2 protein chains.
Amino acid sequence: MTVERWAVIVAGGAGTRFGAPKQFVELVGRPVLSWSVEVARAACHGVVVVLPTDQLNTAAAWNADAAVTGGPTRSASVRCGLEAVPMSAGVIVVHDAARPFAGRELWETTIQAVDDGADGAIPGVEVSDTIRQRQPDGLWRTLERGRLIAVQTPQAFRADVLRRAHLEGGDATDDAALVEAIGGRIVVVPGSPSNLKLTSPSDLVAARALAEWMSVR
Amino acid sequence: MTVERWAVIVAGGAGTRFGAPKQFVELVGRPVLSWSVEVARAACHGVVVVLPTDQLNTAAAWNADAAVTGGPTRSASVRCGLEAVPMSAGVIVVHDAARPFAGRELWETTIQAVDDGADGAIPGVEVSDTIRQRQPDGLWRTLERGRLIAVQTPQAFRADVLRRAHLEGGDATDDAALVEAIGGRIVVVPGSPSNLKLTSPSDLVAARALAEWMSVR
């Protein structure tokens, strides 16, 4: 019997750095969020979208099984989404709507790693920039780049482990960190360089070009 | 009297991850490298370009004061460039040709910080991805994102300090790390989110769109 897979797509952000809720802006004919919903529907049995509190759109409008409103932090928003995922789900995939280009293959790869026994699986890519870390003394130290990865979504988890990690109510920039905090084992799978995260308005310009480029390849 | 400023633009890479030397591909009518040379000419008294060993182009072809061939690593290439900078230079700015969108203002900001007394000044931006670091035990640990910055170029330095840092012959992903290794004081100035680094072929697609977007603003 196939394990039931559900997706939680987090689109609850206010777009503070972006200037507007970026998940709803148009990207080659459809909203940014729709890109993720389409892939999630193909890879999972059910899809929950987490929307900002002022969004009146229904689940049907987004082609999702459920639409809930988010919380004050990213982790709180994921928890809102988890409440709408049925207890029959065995694997839950959490994805940021700000990454419209995560492909079906990447979703399947992370899910497969959980099917193979990991508590969670996250995509990681090489870091192309030099990264500096502020030290307790206030100085910046350069980190060895070969030991760093940039983490993307989708991130797949055993449903019971993810729910337990969120019971604590903590906050982190991704769910894998919460799962590790309760002792869960996370594996890193190869991410995709084109799995762009829309952060600044110039990212949207880049994303539109990428979307057209990908559609003609 | 104004301190003499020189630029070293590093374009010596083979483009291993990119598939070709990315510094010469066309970006809205001119090669990627030309974008950086133009800004460097406006901000500095002299410009040295560091080219791959198989490049037969002359300094004149690139509108530079000198063109030299690079070395086997990025730091070695910078050293090749430094040899072509006259000893009269008081400030040397090192820039990666893979960042064609670094603007005049960013160049001036880094130079100003050195004029104001720093040994070196580097642009830093917020990190938008979750970053993980491999630990000695092989596990990945999530780093606190608020304490991280992604470092860009141009990086400006006191000429004597930069030359001394490179005398040791070490290798690092940027020059600031070498300067710090000899005790130099580096300051971080605000970088620019649109100061994209061309790493993968999809970056070039994004860059072309950004270039056109910036030209119509």
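# Notebook: a predicted model with chains A and B

**Entry 1, Ser202(B).** I began with Ser202(B) and looked past its neighbours within four places in sequence: it is in contact with Pro193(A), Ser194(A), Leu210(A) and Trp213(A). Ser202(B) sits in helix H6 (residues 201–216) of chain B. I noted its relative accessibility as 8%, so Ser202(B) counts as buried.

The model has an ipTM of 0.88 and a pTM of 0.86. For chain A the average pLDDT is 91, and 94% of the residues score at least 70.

I then turned to chain A and chain B together. How many residues of chain A are in contact with chain B? I found 41 residues of chain A in contact with 41 residues of chain B. The two chains bury about 3700 Å² between them, and 55% of that is on carbon and sulfur atoms. On the side of chain A, Thr130(A), Arg132(A) and Arg147(A) lose the most area to chain B, together 18% of what that side buries.

For polar pairs I counted 14 residue pairs in polar contact between chain A and chain B. Several elements of chain A each supply at least two residues of the side that touches chain B, among them strand S7 (120–126), strand S12 (186–190) and helix H6 (201–216). H6(A) gives the largest share, six residues. By class I listed 20 nonpolar, ten polar and eleven charged residues on that side of chain A. Four salt bridges cross the interface of chain A and chain B. In a salt bridge between Asp129(B) and Arg99(A), the closest N and O atoms are 2.7 Å apart.

Over all chains the count of salt bridges is 25. One of them joins the side chains of Arg5(A) and Asp115(A), at 3.8 Å from N to O. This pair links distant parts of the chain, with Arg5(A) in strand S1 and Asp115(A) in helix H3 (residues 104–115) of chain A, 110 residues apart. Are the two partners buried or exposed? Arg5(A) counts as buried because its relative accessibility is 15%, while Asp115(A), at 38%, is partly exposed.

Arg74(B) lies in helix H2 (residues 74–83) and Asp175(B) in helix H5 (residues 175–181) of chain B, 101 residues apart. Asp175(B) has a relative accessible area of 1%, so it is buried.

H2(A) is mostly covered, with eight of its ten residues buried. Among them are Arg74(A), Val78(A) and Leu82(A). The cover over the buried residues of H2(A) includes strand S1 (5–10), strand S4 (46–51), H4 and H5 of chain A. In helix H4 (residues 159–167) of chain A, the buried residues include Ala159(A), Leu162(A) and His166(A). I found the buried residues of H4(A) packed against helix H2 (74–83), strand S6 (91–96), strand S11 (155–158) and helix H5 (175–181) of chain A. After H4(A) comes Gly169(A), with a positive phi near 80 degrees.

Last, I looked up Pro136(B), in the loop between strand S8 (130–134) and strand S9 (140–142) of chain B. Its relative accessible area is 82%, so Pro136(B) is exposed. From Pro136(B) to Arg208(B) I noted 72 residues in sequence and 41 Å in space, C-alpha to C-alpha.

How values were computed: Residues numbered from 1 in each chain as written. Chains lettered and ligands numbered in written order. Heavy atoms only, no water. Helix = DSSP H or I, 4+ residues; strand = E, 2+ residues; numbered from the N terminus. Buried < 20%, exposed > 50% of the residue type's maximum accessible area, 1.4 Å probe, protein only. Contact = heavy atoms within 4.5 Å. pLDDT = per-residue confidence, 0-100. Buried area = accessible area lost by both parts, 1.4 Å probe. Polar contact = N/O pair within 3.5 Å; in protein donor to acceptor, adjacent residues only side chain to side chain. Nonpolar A, V, L, I, M, F, W, Y, C, P; charged D, E, K, R; others polar.
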